[in-house]
Amino acid sequence: MASADGVYNYSAVLMGSPIQLRLFEHNEALAGAVFRLIKQYENRFTVNREPSEVMAVNRAAGQHPVAVSPPVYQLIRCAKAASLLPGSAFNLAIGPLVKRWKIGFHGDAVPPADEIRQLLTLTRPERVILDDAASTVFLADAGMEIDLGAIAKGYIADRVRDYLRREGVTAGLINLGGNVHTLGAPDGGWTVGLKKPFAGRDALIGTLTVADKSVVTSGIYERYFEQDGHCYHHILDPRSGYPLDNELLSVTIISRDSLDGDIWTTLLYGMGVTAGCAALRQREDIEAIFVTRHHEVICSSRRQFQFTLLDDQYRITDNIA
Ligand code: FAD
Ligand code: MG
C-alpha cells in the first residue's frame, strides 16, 4: 500500500533490528530479493549464532587459519585497518569483551575489573593475521573473537544500494536500524530523522535532508543497561574495556558510503567533538553531527545535507574546531 507521498514501505526484522525499505513502485519481488540479500550477509557475518564464517574464524582462534569468502575477507581487512589507525577507538577484536558485557542481550551486568583486564589482552587487532593470497584469517591467540557489529551493517547497506542501482531503481531508501542509505532525491531529497536520545521511539531532535548519501547514527541510548545509577552502553573503549565515557550521546555521519559512516561513528566517539572536527578537516567527503549531554547539536560542516532543528531543548553549533 502506497502512503500519501507515493512511497511503498516494506519491512522485516533482520540482524536483531527492524529493517525498512522504501520504494516508489509496488514491487514485492524486489523487496523480497533485498531482504534475502541482507539475510545472506547476516548469515556470513553474525557472531550471535552458529554457523557463520566469522564464527568459524573465532572457533579456530589459537589453532589454525580459516579460509573465508571474498565479502568476509574484504570486511575483516577493512575493519583491521580501521583498528590499527593511531589512537583508534575502533577494534574488530573487541569480541571477548562484547560477549562478556552482553550489553543489549539477556544477562548484562558489569563484569569484575580483573576479568576485564584479562580479556583486554585478547583484543589485540595486530593478532588478527590475514593472508591475501589464501584469503584466510587467523586469530593468533586462543580466546580471541572478531566482532563486526560496528561495521557490518554499513557494508551491507552499501551492497543493498549497489543491488538497487543494478535493478534500475533511481529513488529508494534502506534503513538497517541506525544505517540509512538513500538513492536519488525525490522532491529535492530524502528526510532522515535525528533521534532524540533517551526519549520516545519516534522523538526527534531534528531532520536531515540528503540525496544519494548514507546517514549512520551510533548512540549510547540504543543498547544499554543501568546499574547503581550509571548507564553502561554498547560502544566499548578498547583501551579500558569499559563503555566510552565522554560528552557524546550520539554521532551521525553523512557520507557517500555507509561503510565509512560506520567506521567514523566509532572513531569519532573515541575522539570526542574537538579532535573529531579537526580530524574531519582532512576528509571533505565525511561530515558529522555530534549530539552532546549539554543538548548541543554540533555539525562539523554542512556541505552534503540540510538540517532542521525541531526540538527547542537543543541548540545548533557549527564548526567548533
Ligand atoms: P555501532 O556503534 O555501530 O556498533 C556497536 C557494536 O559494535 C557493539 O554492539 C559491539 O558489537 C561492537 N563494538 C563495541 N565496541 C566496539 C569498538 N570499540 N570497536 C568496534 N566494535 C565495537 N542483535 C540482536 O539483538 N540479535 C541478533 O541476532 C543480532 N544479529 C546481528 C547480526 C549481524 C550480522 C549484525 C551486523 C548485527 C546483529 N545484531 C543483532 C546487532 C548487534 O548486536 C549490534 O547491536 C549492532 O550491530 C550495533 O550496531 P549499531 O550501529 O547500533 O552500533
Ligand atoms: Mg558503527
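## Terms and basis

A crossing of two helices is called left-handed if the near helix is turned anticlockwise from the far one by less than a right angle, and right-handed if it is turned clockwise. Helices (H or I, at least four residues) and strands (E, at least two) are DSSP runs, numbered from the N terminus.

The model is predicted: local features need pLDDT of at least 70, side-chain atom pairs count only at pLDDT 80 or more, and totals for chains, interfaces and linings use all residues. Residues are numbered from 1 along each chain as its sequence is written, chains are lettered from A and ligands numbered from 1 in the order in which they are written, and side-chain values use heavy atoms, with hydrogens and water left out.

## Helix 1 and its two partners

Helix 1 (residues 28-45) crosses helix 3 (residues 70-83) in a right-handed manner. The angle between the two is about 65 degrees, and their axes lie 10 Å apart. Here, axes are lines fitted to C-alpha atoms, for helices over the stretch in contact, and angles run from 0 to 180 degrees between N-to-C directions. Helix 1 contributes Y41, R44 and F45 to the contact, and helix 3 contributes P71, V72 and L75; contact means heavy atoms within 4.5 Å. By class, this contact has 5 nonpolar, no polar and 1 charged residues. In this classification, Ala, Val, Leu, Ile, Met, Phe, Trp, Tyr, Cys and Pro count as nonpolar, Asp, Glu, Lys and Arg as charged, and the others, Gly among them, as polar.

Helix 1 also packs against helix 6, at an angle of about 150 degrees and with the axes 10 Å apart. This crossing is right-handed. On the side of helix 1 the contact includes L30, A33 and V34, and on the side of helix 6 it includes A152, Y155 and I156. The residues of this contact divide into 13 nonpolar, no polar and 2 charged.

## Helix 6 and the residues after it

The 15 residues of helix 6 should span 21 Å at 1.5 Å a residue, and the end C-alpha atoms are 21 Å apart, which agrees. The expected span is 1.5 Å times one less than the number of residues. Of these 15 residues, 11 are buried, where buried means under 20% relative accessible area, exposed over 50%, and partly exposed in between (1.4 Å probe, protein chains only). Among the elements covering the buried residues are helix 1, helix 3 and helix 7.

Just after helix 6, G168 takes a positive phi of about 85 degrees. V169 is found in the loop between helix 6 and strand 6. V169 counts as buried because its relative accessibility is 10%. Leaving out residues up to four places away in sequence, V169 touches L23, E25, L30, L164 and L183.

## The magnesium site

Which residues coordinate the magnesium ion (ligand 2)? They are A150 (O) and D262 (OD), at 2.2 to 2.5 Å. Donors are N, O and S atoms within 2.8 Å of the metal (3.2 Å for Na, K and Ca); water is not among the atoms, so sites may look incomplete. The pair links distant parts of the chain, 112 residues apart: A150 lies in the loop between strand 5 (136-139) and helix 6 (152-166), and D262 in helix 7 (residues 258-280). A150 is partly exposed, at 31% relative accessibility, whereas D262 is buried, at 6%.
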